[in-house]
Amino acid sequence: MIDLVPIIKDHFQTLRSHATNQVLWGEVSFFFGAPVLLGALGAFLDWKVKGVGNILAAFAILAGLLFNLLVLLFDVAAKAAQAGGLGSQNVRLKLAKQLQANVTYALLMALGAAGILGVASGMGMESINRWLSSVLVALLAHFTLTLFMIMRRIRSAFLQSLT
């Protein structure tokens with residue numbers, strides 16, 4: 001059986017303070033609360049996702065790009081481990097591990113959304129009802145916020161490599 005729980009746990013581990021190792025509840029509530037609120041708003045306002053095939057294509061492309069990023073991160077982590085060792089003082093390796101956790105989690109979300117959209121597309125749906133649309137809106141918002149987090153970490157890793 002495929003166990004996806006470690007992917008989710010690793011992602012949650014990145015939502016901690018570097019100094020105190022405490023959970024950053026503000027970030028957790030923002031990254032999960034805002035998409036849920038947006039999805040609930042979509043259900044309340046009767047939003048319906050249209051253009052299922054186009055959105056499916058976008059998620060498929062993003063999933064492929066995220067797979068490529070994971071392969072690149074493997075190489076980056078190996079080089080960071082060679083340069084600075086495996087200790088907790090190696091900031092580059094720590095950032096690479098966090099990036100791996102976030103990218104893998106984003107990939108999981110992209111595959112989940114692609115699965116839902118693939119089934120809808122396979123059933124010939126061009127428009128999805130408001131309940132499933134609200135789930136997709138929440139998933140898309142959460143996915144987008146996770147991509148922003150990945151961008152922030154890539155920027156940090158880049159700046160760290162320059163020092």
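Student: Is Leu-41 buried, partly exposed or exposed?

Tutor: Buried means under 20% relative accessible area, exposed means over 50%, and partly exposed is in between, with a 1.4 Å probe and protein chains only. Leu-41 has 37% relative accessibility, so the residue counts as partly exposed. This is a predicted model, in which local features need pLDDT of at least 70 and side-chain atom pairs count only at pLDDT 80 or more, while totals for chains, interfaces and linings use all residues. Residues are numbered from 1 along each chain as its sequence is written, and side-chain values use heavy atoms, leaving out hydrogens and water.

Student: Which helix holds Leu-41?

Tutor: Helices are DSSP runs of H or I with at least four residues, numbered from the N terminus. Leu-41 is in helix H2, residues 25–44.

Student: What span does H2 have from its first C-alpha to its last?

Tutor: The expected span of a helix is 1.5 Å times one less than its number of residues. H2 has 20 residues and reaches 27 Å, close to the expected 28 Å.

Student: Where in H2 is the kink?

Tutor: The bend at a residue is the angle between axes fitted to the seven residues ending there and the seven starting there. In H2 a kink of about 30° lies at Gly-33, shortly before Pro-35. Pro-35 is among the buried residues of H2, which include Val-28 and Gly-39.

Student: How many salt bridges does the structure hold?

Tutor: A salt bridge is a side-chain nitrogen of Lys or Arg within 4 Å of a carboxyl oxygen of Asp or Glu. The structure holds one. Glu-27 forms a salt bridge with Arg-152, with 3.8 Å between the closest N and O atoms. The pair links distant parts of the chain, 125 residues apart: Glu-27 is in H2 and Arg-152 in helix H5, residues 130–162. Glu-27 is partly exposed at 23%, and Arg-152 is partly exposed at 41%.

Student: How many aromatic pairs are there?

Tutor: Rings of Phe, Tyr and Trp (its six-membered ring) pair if their centres lie within 6.5 Å; planes under 30 degrees apart count as stacked, over 60 as edge-to-face and the rest as tilted. The count is three. One of them is the stacked pair of Phe-12 and Phe-32, at 5.1 Å centre to centre and 5° between the planes. Phe-12 lies in helix H1 (residues 5–13) and Phe-32 in H2, so this pair ties together parts 20 residues apart in sequence. The rings of Phe-30 and Phe-31 have centres 5.7 Å apart and planes at 75°, so that pair is edge-to-face.

Terms used: Helices (H or I, at least four residues) and strands (E, at least two) are DSSP runs, numbered from the N terminus.
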